[in-house]
Amino acid sequence: MFKMLKQISEELSLISSKTALLFFAYIFLAILEGITDGIGVGLLTSFITNLSQDGSKSIEFFKQTYSFLPDFIFSSEKIICIIIVGLFFLRIFVVMLTANFKCILPQMLTYRVRNKILERTFSLSLFDIEQERAGMIINLLTTDSAKMTQCLFSMIELTYLIILVSMYLIIMIMINKFIFGIGILAAFPFVLAIRLLTILLTRMSKKLLKMRNEITSNCTEKLNNIRFIKSIGTEYQEYQNISTSYKWYRNIEIKRYFTEYFGVMMPQFFIVIGLSTVIYFTIYEGGIYKSYITLYVLPMGFIGMRCFSIVSQINTKYMKLKQTLVSASAIVNFWNKHRIHFSFTGKKKKNVVSFPTTVQNVNFENVSFAYDKQTIIHNFSMLLEKGQPIILKGKSGSGKTTIANLLRMLIEPQSGKILLNDIPLSSFNPFSLRNGIGYVTQEAVMMYGTIRDNLLYGLDFKPEQNKIDSVLKETGCDDFISLLPNGLDTMVSEKGSNFSGGQKQRLALARILLRNPNILILDEITNNLDKKSKTDIIHAVNQLVKNRICLVITHDDEIHLDNEKYIFLG
Ligand SMILES: Nc1ncnc2c1ncn2[C@@H]1O[C@H](COP(=O)(O)OP(=O)(O)OP(=O)(O)O)[C@@H](O)[C@H]1O
Ligand SMILES: [Mg+2]
């Protein structure tokens, strides 16, 4: 457990001077709360009960009982009253401060954990994300990261509570060592029982958490693929699968609830037994003097009750800590599995060359690539030159898209070289490289926002309206946009579901054209288009390829470009 926590805090660089300062402030508050509460409660209870008995004697009693306090406190009853009231106000202030800390600290920690996971996710290679599944990563970002910070925060809170309880115990020892000793003996079976409950609850919670993560991942994946599921007609099976998991989940949750409830009731049961014993001895047996009760037993009873509630809080925190370690281990495993491929900011030493303003050629020299030992590309060579488009053909699965991914540095070849202007691709900053390559895919990606947002996505300049208009005309988008009442400000639904495949394809092409890229890769772009749109697009592409490096991936025999060259794969 500690090894894992150590790794987490190292990964997150949690031990910064800022967090250390916060941590010490927190501890200081715990000490202050213990002192103000312990002495305040002790003084108040004994003072009030003594005043009503025998006012003149009360100060003497105090002096004997609280001999560890400075003498000036006992100079008059007024001072005692002021000190008591002062202590209580101080305590309210301290409790308010700690409450704020309890709110701020976990938020700060969660923010840090989420950023770290996001940073790692975005720096993973395409292949890793596909393997890991987006659902699992989303889980890490939402539920697990919050749980994990709870875990780290529980550690801090545990320390806080332990200090608080120690302060109370010190005050109790100062009041009366003998009663304190008996109290500790009586608390022993209670602590043991609580410990056993903790183990039981932790086991259940671990199971629950794992299960919930599985259900959420499963659900996210199924909802993401709802169109597919509906087209196959398996929605009822999927519903049943998830529902069965939820049933298991419900059953464990109920068991856990009962066990937890028992844990909450137990301290109260012990408190009632303790109080009844005191009442029995004092009232019926008359064995203990009234003054003795007021001076020792009552304040100690109050402090003892606080200790009990803190002990059970410590227990809950400890339990939470154990539970959340399940999430923490998911995150640590994720991190261990994917060491960063290149730094998120793109500043890693070897990736320093920025994308050139003009690209003359791109050369694949005996490139080989394999996914998990399954060789996809074998000794592949190709020379792409400015003004000469290459049409890449080959049967499905032959690795055409893989070649585009290699060029975009989403994956790296196992052997061979890819040169851009005779410089190895690996020397380039991957971010500026990808930004300089226009890539239009088989499935046009649309995001939530207006058509304009989608067209201008990721652009670091604002194109003139007439430039946008001419691109829309070139790609044939103006045909359907002009029919929309809100034109370019029409909202695009998630995944562009309010547009046809062909319309999305044309929008995607327009988006890339606005970037005016040096290298253009078109991957099956005419797949969803009717004859007229196809002719328009081919015409547009023909204009584009003149001053660019262009790779056209297609099955379509009707695509012909000026000065074209064919390459067949596999
Ligand atoms: N992330 C991945 N993990 C494992 N194998 C993969 C992955 N992506 C692609 N492959 C495999 O690599 C091979 C080539 O895939 P690729 O997408 O390059 O084919 P393609 O020629 O573009 O096919 P299509 O014409 O159908 O688009 C396929 O056999 C596929 O199974
Ligand atoms: Mg493909």
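Predicted model: local features only at pLDDT ≥ 70, side-chain atom pairs only at ≥ 80, totals over all residues.
**Entry: ligand 1**

I then turned to the polar contacts. A polar side-chain atom of T401 lies 2.7 Å from an oxygen atom of the ligand. For K400, an N or O atom of the side chain is 2.8 Å from a ligand oxygen. G397 takes part through its backbone, with a polar atom 2.9 Å from an oxygen atom of ligand 1. I noted next that ligand 1 taken alone exposes 640 Å², and that the protein buries 70% of this area.

**Entry: a surface patch**

I located a nonpolar patch on the surface, formed by I254, Y257, F258, Y261 and M265, with about 550 Å² of accessible area together. I254 has its place in helix α8, which covers residues 235-285. I recorded I254 as partly exposed because its relative accessible area is 43%, and that class lies between 20% and 50%.

**Entry: the whole chain**

I listed 16 helices and eleven strands in the chain. Of its 570 residues, 46% count as buried. The accessible surface comes to about 30,600 Å², and 62% of it belongs to carbon and sulfur atoms. Among contacts with a separation of 6 or more, 80% join residues 24 or more positions apart.

Technical notes. Residues numbered from 1 in each chain as written. Chains lettered and ligands numbered in written order. Heavy atoms only, no water. Helix = DSSP H or I, 4+ residues; strand = E, 2+ residues; numbered from the N terminus. Buried < 20%, exposed > 50% of the residue type's maximum accessible area, 1.4 Å probe, protein only. Contact = heavy atoms within 4.5 Å. Areas by Shrake-Rupley, 256 points an atom, 1.4 Å probe, with all protein chains shown as cover. Patch = residues over 30% accessible without salt bridge, like charges linked within 9 Å, V, L, I, M, F, W, Y side chains within 5 Å. Salt bridge = Lys/Arg side-chain N within 4 Å of Asp/Glu carboxyl O. Polar contact = N/O pair within 3.5 Å; in protein donor to acceptor, adjacent residues only side chain to side chain.
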